[in-house]
Every structure is written in C-alpha cells, then in structure tokens.
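Here is a short report on one protein chain. It begins with a single residue and then widens to the whole fold.

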Amino acid sequence: MQFHHHGYVSGEPRVQDAAGTGIDRPAELPDEMDVLIVGSGPAGMLLSAQLSQFPGVVTRIIERREGRLVLGQADGIQPRSVETFQAFGFAERIVAEAYNIAYMNFWGPDPENPANIIRTARTEDYALKISEFPHLIVNQARVLDYFAEAAAHGPGRIVPDYGVEFLGLTVQDDHVDVRVRHTSGPRAGEERTVRAKYVAGCDGARSGVREAIGRKHVGGISAHAWGVMDVLVNTDFPDWRTKCAINAEAGNILHIPREGGYLSRMYIDLGAVADDDNHRVRQTSIDDIIRKANEILHPYTLDVKQVAWHSVYEVGHRVTDGFDDAGDSDRHPRVFLTGDACHTHSAKAGQGMNVSMQDGFNLGWKLGHVLTGLAPDSLLETYSAERRPVAQQLIDFDKEWSSLMARKPEEISDPQELATFYLGTAEFPSGFMTQYGPSAIVTDAAHQALAAGFPLGKRFKSAEVTRICDGNVIHLGHHAKADGRWRVYAFADAPAAGEASALADWAEWIASPESPVARFTPEGADVDAVFDVKAIYQQRHEDVDLTRVPAAFLPKSGPLGLTDWEKVYAAGPDGWRSLDIFAERELSRDGVVVVVRPDQYVAAVLPLEATDELAAFFEGCLLPQRVAVPAS
C-alpha cells in the first residue's frame with residue numbers, strides 16, 4: 001500500500017487523515033445531510049465505506065439497533081466479494097479468519113442400502129479455478145465490522161447512528177423529508193424530521209423505505225420449508241469440515257462448515273408445505289430440526305452440544321418492481337433500494353449478502369460523483385438500470401438451484417447432476433457473470449477485439465504484471481482501491497520506453513490541457529485525484545528505462561509534490577515466472593486503452609489512437625471542472 005505522500009506517517013497507515021465532513025463530525029444526527037443511509041447491513045455498510053472517500057459529502061447511516069450486529073445470518077462470501085474486500089483494504093485479514101471452501105462433496109442413497117447415505121462425488125470448489133480469490137464462510141457480523149472500520153478510518157469518518165428508527169419519507173423537488181424516531185439514549189422516544197438530498201434504503205426484506213416510495217415485491221413463496229442451524233457438535237460424519245450437499249430418502253441437507261474450526265451451518269429440508277399451513281411450519285422446534293438432520297444423515301449421527309442460532313423459513317423469490325423512486329417519470333431518482341429491500345431468495349446459493357454488497361458498490365461512487373459535482377444527476381439513473389437485471393438473473397438461478405436441492409432420490413436420474421450443475425454454473429454464483437449493458441458509463445463493443453479478455457461491462461479480471469520501479473510481481477487490479485477514482489490502463493504498443501510510439505503520443509495527449517484528466521479534475525486537486533492512469537509495457541521490467549517513461553505515468557502528488565513510482569508496469573516474462581498479461585487477456589500488441597469504473601467494471605476499450613473517442617466517453621458521463629483548452 002502507498003502512504004507518506006502527504007508527509008511521514010508513523011501510525012496505522014490504514015487510518016486516513018480526516019477531511020471535509022470528517023473533521024469535527026457532529027456526534028448527533030444533523031437536521032440536514034446529503035445522503036441518509038437507512039440500515040447498517042452489508043449494502044449500507046459498504047455504501048458508507050465508499051462515501052467516506054468523499055469527505056465533501058455529508059453522509060449519515062441510521063440503524064434502529066442500539067449497537068453493532070452480534071450474530072449475522074448470512075455467511076457465504078463469494079470470490080467477487082473478496083475481490084471487493086481487497087479494494088477496501090481488508091481482504092487478507094478476513095481471509096485469515098474465515099473458513100476457506102476447498103471442496104464440495106455430494107452424498108446420496110447407498111444403492112445397496114438406500115436408508116444409508118454414501119459419498120457420490122468429491123469436487124474441488126470452483127473459486128480458485130476461476131479467480132485468485134477464495135470462496136469463504138465468515139459471519140456477516142464480521143463483514144460489517146470490517147466495512148465499519150473502513151468507513152470510520154476514511155476521510156469522512158462515517159460511523160452509524162445507532163438507536164434511530166426510520167418511520168417514513170416524503171420526496172420533494174430537491175430533497176427528501178425523512179421521519180425518524182430515536183429508540184435509545186437520552187432522546188429515546190423523540191420523533192423528528194430530517195432532510196436529505198438522497199436516501200438509500202438498505203433496510204432489509206421488510207423495508208420501510210420500499211413501502212414509503214410505493215415499490216412492491218413481485219414474486220412468492222415456494223411450498224417448501226427449510227430449517228437452518230449453526231451448531232457445535234460431536235459426530236461420526238466424516239465430512240463435517242467439508243461443504244456437502246446431502247440427498248437422502250429422508251430429505252436433503254446443505255452442510256456448510258463455518259469459521260473457527262468447530263462451528264457448522266446446516267440447512268435441513270423440512271419438506272413440502274401444505275396450502276393451508278399458514279406459516280405454521282415456522283414454529284418447528286429446534287429439537288425437531290435436529291431429529292430430522294439425524295434421519296437424513298443415517299447411518300451417521302449428530303450429538304449437538306450447542307445451538308448458536310436457528311430459524312425456519314419458506315423459500316421466497318421476489319424482485320422489487322423498481323430500485324428507485326423515479327419510476328416512469330422524467331425526474332432523477334432521490335431514493336434508492338439495495339439488498340433485501342429489492343431482492344429476496346433462498347440462502348442456499350450463498351448470494352444474498354454478496355449481491356447486496358455489489359448494489360452498494362454500484363450506487364456509492366455514483367452518489368459521490370454527483371454530490372461533488374463530478375457527474376450529472378443522470379448518472380444516478382444507471383443504478384436501477386444496471387442492478388435490477390442482475391437481481392432477476394439471481395432469482396432465476398436460485399430457483400433452479402433450490403429446486404435441484406429439494407428433489408427426492410427417485411426424481412434424480414443422474415447422481416452427478418447436482419455436482420455438474422454446481423461446477424458448470426460456477427462463474428455466476430462467484431459473482432463474475434454480471435455484465436452491464438451499453439450506457440453512458442459502458443461503451444459499445446466496437447473495439448472489444450483489442451482486449452478480448454476484458455469484456456465490456458464485466459468486472460476487470462486482474463492478472464499479474466511486474467512493477468518496474470522495484471521488480472515486484474503484483475496483480476494489476478489489486479492496486480486499485482475503492483477510492484472513487486476511474487482507472488485508465490494504457491497497454492503499450494511494441495516500441496520500448498523513450499522510442500517513438502503510439503503510447504508516447506497518447507501519453508503526451510493525456511498530459512495536455514485538452515485531455516479528460518485536465519478537463520475533469522477539479523482545480524487544485526492532485527493530477528490523479530479523479531483518474532488513476534497506468535502504463536503497461538510489453539518488455540521485461542529490466543528492459544524498461546524509467547528515466548525515459550513519459551511524465552504522465554510518473555505524476556507528482558500531495559502537498560510535497562512527490563513522484564508516484566507505482567504507475568508503470570511490465571508484461572514481459574520475468575525471471576523464473578512466465579508473465580504476459582497481453583497473452584493472458586488477449587490484448588492487442590498494437591496497444592489498447594482499457595477504462596475501468598470506480599466499482600471495478602470495464603467501461604471502455606479503445607485504440608491508443610482513439611483520443612477523440614476517449615474524450616467523448618468522459619464528456620458523456622462527467623462534468624467539466626475546467627474550460628477546455630483547444631490544441632494550438
């Protein structure tokens with residue numbers, strides 16, 4: 001990580017200097033703010049961590065609980081989420097405490113004695129086959145803790161306002177009036193109205209914000225119930241510390257070991273629910289759930305020593321009819337829905353918390369850009385346009401996965417079918433299949449062939465490169481932090497640094513007064529405050545002469561004007577490692593520019609010579625901060 005650019009740092013470098021609203025931040029919820037986040041779940045806490053990087057924006061997050069979440073119900077962390085954690089600076093720490101899913105095993109009836117189960121397949125988990133990031137299990141409460149830390153340590157110093165309940169809202173022309181009630185502390189019972197320019201409803205499946213803007217959940221509950229329990233046990237089941245899908249004559253179990261080496265979660269099939277059940281199945285006792293689990297696991301047994309948490313639920317699949325308050329009107333949205341407030345589904349595909357966090361990541365930088373004057377209000381219309389189709393795809397996938405999990409043995413013709421489906425659809429549950437369509441922030445695919453391995457609208461799939469200043473091999477994408485900046489990667493054509501080349505011409509243009517960097521970077525800000533521009537040469541790192549690299553790739557930043565040495569990389573084979581990002585990501589040897597949004601999705605792929613197109617792209621989604629200077 002980089003620090004010291006604002007002067008020597010002797011303390012924890014992850015704690016950034018307070019700035020803007022983070023200086024002397026009011027302890028009490030103010031009467032007016034820019035953004036009010038309702039709910040401190042995964043989407044809300046990620047949103048606050050992102051907006052903490054915009055200290056010029058007054059952001060508050062309210063939560064009716066009196067303090068942090070102690071026991072979270074969600075626990076599955078997909079690779080795309082870990083990639084997101086990397087951007088927020090805590091991936092390594094949460095990986096160290098989490099359970100890493102290395103295998104998923106499948107069990108079914110023994111053909112010779114169908115009352116018993118036997119292992120039918122042992123499969124490596126999909127994560128490390130398609131990503132450098134693992135598939136984890138860790139308590140949702142810990143995820144929220146890490147995002148809370150990122151929000152509190154960011155320049156905006158955002159911390160939740162606990163003990164404040166959302167009551168309702170009214171959308172006005174230029175703001176939203178929000179009614180709240182203090183539920184604890186010296187102001188307990190007091191109701192008041194606060195004013196926010198924008199509201200983010202991150203308040204769960206029973207969202208009051210959703211109800212207040214008249215949005216409806218569309219979908220229903222399937223006629224099938226599951227018990228779920230987090231338990232500490234003694235057992236003779238040999239795969240207790242391996243993720244398992246178990247299909248037996250007595251029912252089905254999805255078994256997921258959890259962090260800490262002892263705790264495990266079990267989803268236990270309670271069977272079909274009668275039409276006139278009226279949710280009575282939800283009263284199933286924990287003793288009945290444990291008994292059912294033992295029936296399914298036969299001939300193995302569970303001796304449950306402690307139940308940390310349990311519940312009963314009926315599988316529901318719902319998508320809200322809109323993710324903001326604008327609807328079909330011509331006005332820009334002021335209220336947004338995220339997470340369970342706009343999509344609910346079963347827990348067995350491990351998607352709820354993961355998709356919710358990506359909702360928050362998508363929305364956060366857009367609010368930051370609009371409220372700091374970097375982008376027009378129309379940018380906010382892309383939130384619902386991009387995230388609602390993703391939610392529908394999730395529902396469709398979860399319906400199929402839930403149906404497969406709930407089948408009876410006699411309905412299964414191929415014992416390998418579930419394992420085949422699990423591995424064959426891996427990229428979707430991993431979070432890597434999301435692809436946003438063309439818009440103001442995603443170009444069309446006219447030049448996609450120049451960078452086939454970086455599909456437009458999909459997340460930037462990192463690859464290793466060699467940092468020229470020190471020879472270290474790093475993942476190019478891991479250098480990008482969730483700081484609200486755009487990434488512009490200039491992949492060089494063949495000539496070396498210092499020689500005439502398309503990259504040299506491009507670098508001269510990007511440093512000129514007519515470039516997007518000059519036009520869209522606020523006066524007085526660091527040259528890389530909005531655009532993080534990097535160069536990747538085709539040569540070996542020892543063959544790139546840093547003294548001949550264009551100045552655009554060695555910018556000076558901070559009050560001391562220090563050179564940033566970490567924006568120049570080499571793709572060529574290096575030492576004992578055979579590295580070539582050009583080959584791995586099918587990049588044109590004639591050079592190519594890849595633009596990546598602040599939420600890590602590829603926005604544009606262009607030839608180095610297409611400077612007019614690059615300028616036009618940013619003119620379509622950002623607001624000029626300075627008057628363009630025509631070329632002489």
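Ser52 is in contact with Ala150, Ala151, Gly154, Pro155, Gly156, Arg157 and Ile158, leaving aside its neighbours within four places in sequence. Contact means heavy atoms within 4.5 Å. The model is predicted: local features need pLDDT of at least 70, side-chain atom pairs count only at pLDDT 80 or more, and totals for chains, interfaces and linings use all residues. Numbering runs from 1 along each chain as its sequence is written, and side-chain values use heavy atoms, with hydrogens and water left out.

Ser52 sits in the loop between helix 1 (42-51) and strand 2 (59-63). Helices (H or I, at least four residues) and strands (E, at least two) are DSSP runs, numbered from the N terminus. Gly56 also lies in the loop between helix 1 and strand 2.

Is each of these residues buried or exposed? The table gives the values. Buried means under 20% relative accessible area, exposed over 50%, and partly exposed in between (1.4 Å probe, protein chains only).

| Residue | Relative accessible area | Class |
|---|---|---|
| Ser52 | 0% | buried |
| Gly56 | 58% | exposed |

Gly56 touches Thr21 and Asp34, not counting residues up to four places away in sequence. Gly22 is 34 residues from Gly56 in sequence, and the C-alpha to C-alpha distance is 8.7 Å.

Now the whole chain. It has 15 helices and 27 strands. Its radius of gyration is 26 Å, close to the 26 Å that the globule rule gives for 632 residues, so the chain is as compact as a globular protein of that length. The radius is taken over C-alpha atoms, and the rule is 2.2 Å times the number of residues to the power 0.38. Along the principal axes, the C-alpha atoms fill a box of roughly 80 × 65 × 50 Å.

Of the 632 residues, 57% count as buried. Among contacts with a separation of 6 or more, 73% come from residues 24 or more positions apart.
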